[in-house]
Amino acid sequence: MMDEFGRFLEATPAITGEAKAAARTRLLQATREPAPMSPMPPPRRRGPRLAWRLALAASLALAVGAGVLAVRGDEQPATTPVAGVQELGNKAARSAETDPYEITPSPGRWLYVKQTIAPLRKEPEPEVDRGKRMTLETWHSLDGKQLALDDGRGKLVTEEYGPGVTGADLARAPVTPEEMIARIGASVDATPVTEFDDADATRQERIFRTISQLLGEQPLVADVRAALFRALPMIQGVSVKQDAIDAAGRHGVAFDYTGAWERFEIIVSAQDYRFLGTYGETVADRTFPISKMTVRAGTPTVWTANMESQVVDRPGDRP
């Protein structure tokens with residue numbers, strides 16, 4: 001069967017003036033479709049790929065801020081390359097431990113996240129356009145279970161959303177890299193692969209992608225962020241990519257993981273090792289069985305840059 005998002009994309013016309021209303025309607029229908037019932041329901045979550053696509057669809061429907069932006073070069077390549085992934089994990093963890101960015105869990109408050117992203121080149125193809133940028137604003141509840149974003153008409157829509165494990169889950173003592181892997185791994189094991197996930201993804205890949213989602217858009221206290229960075233080198237297959245570049249043009253260094261079909265980067269600054277953004281591209285050709293669409297190796301599928309993250313009182317508030 002074709003996945004839900006494929007049906008959504010193929011049935012949605014190009015985002016012209018006439019098509020915006022149809023896109024908004026289909027987006028909201030897709031996010032609200034009830035999940036199948038089961039005797040023992042697994043943890044409910046929206047995976048990082050689906051969440052990013054839904055958020056991108058909303059920003060496309062809104063059609064505000066799209067276009068080519070100047071590439072920024074605030075971050076320069078490191079003068080001394082990181083020797084290995086263990087060193088990178090330790091440096092990023094030390095940066096997280098001393099980062100003034102503080103999250104204090106507080107019911108009812110939200111984390112505002114502003115990103116620069118590369119938009120889709122041509123729907124329904126998954127390729128993003130390296131030559132264009134757009135701004136995406138989202139709000140994430142401090143319990144890590146809800147996402148709010150503009151529906152394309154100036155109205156905020158809140159949806160159940162999350163990686164399956166929350167910052168509060170990870171903040172329970174002991175907060176160690178080993179516990180981060182164990183707790184995220186347990187969540188991955190308890191969450192069946194859905195039509196939105198790559199069926200060939202290994203457990204290690206799903207843990208890596210969950211950590212990427214947590215670091216980019218979930219409210220986390222400093223010791224949890226540090227433990228997650230120290231956990232990344234413990235995932236089999238994670239390596240270092242020198243001189244990675246985020247969607248804002250900032251140079252950094254990346255934790256790199258290559259799966260069966262895609263390669264993913266978690267990019268941190270080459271100067272102070274704070275989180276910058278993500279990048280992903282295909283590493284093998286893939287033909288989707290229903291649409292017969294073939295995606296070639298080397299196709300960029302996601303490119304982001306986190307520009308701002310701050311706690312606010314409610315969805316729609318900005319710092």
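Trainee: Where is Tyr273 found?

Mentor: Before that, a word on the source: this is a predicted model, in which local features need pLDDT of at least 70 and side-chain atom pairs count only at pLDDT 80 or more, while totals for chains, interfaces and linings use all residues. Residues are numbered from 1 along each chain as its sequence is written, and side-chain values use heavy atoms, with hydrogens and water left out. Tyr273 is found in the loop between β7 (262–269) and β8 (275–282), where helices (H or I, at least four residues) and strands (E, at least two) are DSSP runs numbered from the N terminus.

Trainee: What is the phi of Tyr273, and is the residue buried or exposed?

Mentor: Phi of Tyr273 is near 65 degrees, a positive value in a residue other than glycine. For accessibility, buried means under 20% relative accessible area, exposed over 50%, and partly exposed in between, with a 1.4 Å probe and protein chains only. Tyr273, with a relative accessible area of 10%, is therefore buried. Asp243, placed in strand β5 (residues 239–245), also has a positive phi, near 50 degrees, but at 36% relative accessibility Asp243 counts as partly exposed.

Trainee: Which peptide bond is cis?

Mentor: The bond from Ala173 to Pro174 is cis, with omega near -5 degrees, and Pro174 lies in the loop between α5 (167–171) and α6 (177–190).

Trainee: What is the order of the strands in the open sheet of nine?

Mentor: Pairing comes first: two strands pair if DSSP finds at least two bridges between them. The open sheet has the order β4-β3-β2-β1-β11-β8-β7-β6-β5, with antiparallel pairing. Because β4 (156–160) and β5 each have a single partner strand, they stand at the edges, and one side of each is left without a neighbour in the sheet. From one strand to the next the twist averages 30 degrees.

Trainee: How many bridges pair β1 and β2?

Mentor: Eight bridges pair β1 and β2 in the antiparallel sense, and Trp110 has Ser141 of β2 as its bridge partner. On to strand β3 (residues 146–150), two bridges join β2, again antiparallel, with Ala148 in β3 as the bridge partner of Trp139. The hairpin of β2 and β3 has four residues between the strands, and Gly144 there takes a positive phi near 75 degrees. Six of the eight residues of β2 are buried, so β2 is largely enclosed by the rest of the structure.

Trainee: At what angle do α4 and α8 pack?

Mentor: Axes are lines fitted to C-alpha atoms, for helices over the stretch in contact, and angles run from 0 to 180 degrees between N-to-C directions. Angles under 35 degrees count as roughly parallel, over 145 as roughly antiparallel, 65 to 115 as roughly perpendicular, and the rest as oblique. Helix α4 (residues 85–98) and helix α8 (residues 222–231) pack at about 175 degrees, with their axes 8 Å apart, and are therefore roughly antiparallel to each other.

Trainee: How do the axes of α6 and α7 cross?

Mentor: They come within 10 Å and cross at roughly 110 degrees, so α6 and α7 are roughly perpendicular to each other. Taking contact as heavy atoms within 4.5 Å, residues of α6 including Ile181, Ile184 and Val188 belong to a set that meets one in α7 with Ile207, Ile211 and Leu214 among its members.
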